[in-house]
Amino acid sequence: TIVAHGGLHRRATKGGRAVTAPTTPSAWEAQGFDDAYSWVTALRRLDRGLEALPALEAHLASNPDDAVTWLALGVCLYDARQPLEAIVAFDRTIALGLPALAVRAAFRWLALRAAGRFAEAFADFECRLEVESYAGAAYAEALHRLARRPRWDGSPLEGRTILLHGEQGFGDMMQMARFVPLVRQCGAGRITLEVPETLVRLFADCGADEVIAAPAAGGGADHEVVASLLSLPHLVGPEPPPPARLWTARRPISRGGFRCGVCWTTARPDEIGDPGPALRALPVTWLRPFFTLSDIEFVNMQVGPRAAELPAEWDGHRIERIDESVRDFADTGAVVRELDAVVTVDAAMAHVSASLGVPTLVLLRHCPDPRWGLSGSTSPWYPTVKLFRQPAPGDWPPAVLEARSELQRLRDHARHP
């Protein structure tokens, strides 16, 4: 059977029943893969997962009890932006014996969220707390470290102290920090927020009594209950309140004309088993249409080795870099506050910019993270975000050109408000 959570996919020897191999050669066996799921995973890394649909459907027509192939079909239907059909496939997977907790937390919850069934989605996501392979993953370290501490179940806190901790990516934590004040409304006596060090200053004003760097000293023993930031939509209600208040450093800057930040890749583009981060990244050369616009000062907001991909001067624009002058996201936020717009892929930069109320143009892959929905140009999570979607897998140019038109509109409005 397959146990999978977030981006972690691996063979498991426990849970579920054995799956009978097909009696006829399959497309994946012909290509050297053990099962349909492994084959689909390889195709998804190339943004070609949809190519597997005909073979999966043909195989299941004669092998309707092949649970792993139903799982692969569900993943492909999700990529095809058919979340309701994907949910049916995942339910069939569970009925045929694959571990229900793993399927619900790794796959089904994403399809439910994409379908707009938020309460069910966040309930399914809570299943991750019961799956050992998930808690052992690097992006969920706090779940493993705090596994023995009493977890808050959403009931009135009646003055109890609570440790809220981060997990997943930086953007996930920024998005969910907005729920911290609602924990206070549930009667928390003292709220401590534990997050990676690079987020500590940024979250200083988000509603917690104290914000500390992970890992917390004493393993959370001085708090009566613990909860993950990513559990809060389930515990206090899925409807999004306004974005969290973010604290940023103050940065002296000589203002010129219209200023726009650009970010073209995620901080961790090579997550194991998860094609999403790499496919969210944009080849830097495809940013060029933005630089054909005049009277805009561009700022390279990328950090890490890929910041050097954008030249210091392009099409007559001198481009400022920030990667050597920022220590954490509070410093990044200080730069963002001085911008008139940000163009970014689906990365933590989108959450920083949008939380600070800066017009944020987000370039999305064809099947984006479900937080952005499957259609439309706006987001209930961030009022200042505008979304630009690939019309087909890997097809960035139309999205870039639409975003360029919006950036031009913003520049022209700033000239003549």
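**Stop one: the sheet**

Start with the open sheet of 7 strands, which runs in the order 9-10-8-7-11-12-13 with mixed pairing. Here strands (E, at least two residues) and helices (H or I, at least four) are DSSP runs numbered from the N terminus, and two strands pair if DSSP finds at least two bridges between them. Before going further: this is a predicted model, where local features need pLDDT of at least 70 and side-chain atom pairs count only at pLDDT 80 or more, while totals for chains, interfaces and linings use all residues. Residues are numbered from 1 along each chain as its sequence is written, and side-chain values use heavy atoms, leaving out hydrogens and water.

Now select the edges, strand 9 (313–314) and strand 13 (385–389), each of which pairs on one side only. Strand 9 pairs with strand 10 in the antiparallel sense over 2 bridges, and Glu313 sits opposite Arg318 of strand 10. Their hairpin has 2 residues between the strands, and Asp315 there takes a positive phi near 50 degrees.

Next, show strand 10 (residues 317–321) with strand 8 (residues 296–300): this pair is parallel, over 3 bridges. Look for Val299 opposite Glu320 in strand 10.

**Stop two: two helices**

Select helix 6 (residues 100–114) and helix 7 (residues 118–125), which pack at an angle of about 170 degrees with their axes 8 Å apart. Axes are lines fitted to C-alpha atoms, for helices over the stretch in contact, and angles run from 0 to 180 degrees between N-to-C directions. Helix 6 and helix 7 are therefore roughly antiparallel (an angle over 145 degrees). Contact means heavy atoms within 4.5 Å; among the residues making it are Arg104 and Trp109 of helix 6, and Phe118 and Phe122 of helix 7. The contact of helix 6 with helix 7 divides into 8 nonpolar, no polar and 5 charged residues; Ala, Val, Leu, Ile, Met, Phe, Trp, Tyr, Cys and Pro count as nonpolar, Asp, Glu, Lys and Arg as charged, and the others, Gly among them, as polar.

**Last stop: Phe203**

Which residues does Phe203 touch? Not counting residues up to four places away in sequence, they are Met173, Met174, Ala177, Leu193, Val195, Val211 and Leu246.

Note on methods:
Parallel < 35°, antiparallel > 145°, perpendicular 65-115°, else oblique.
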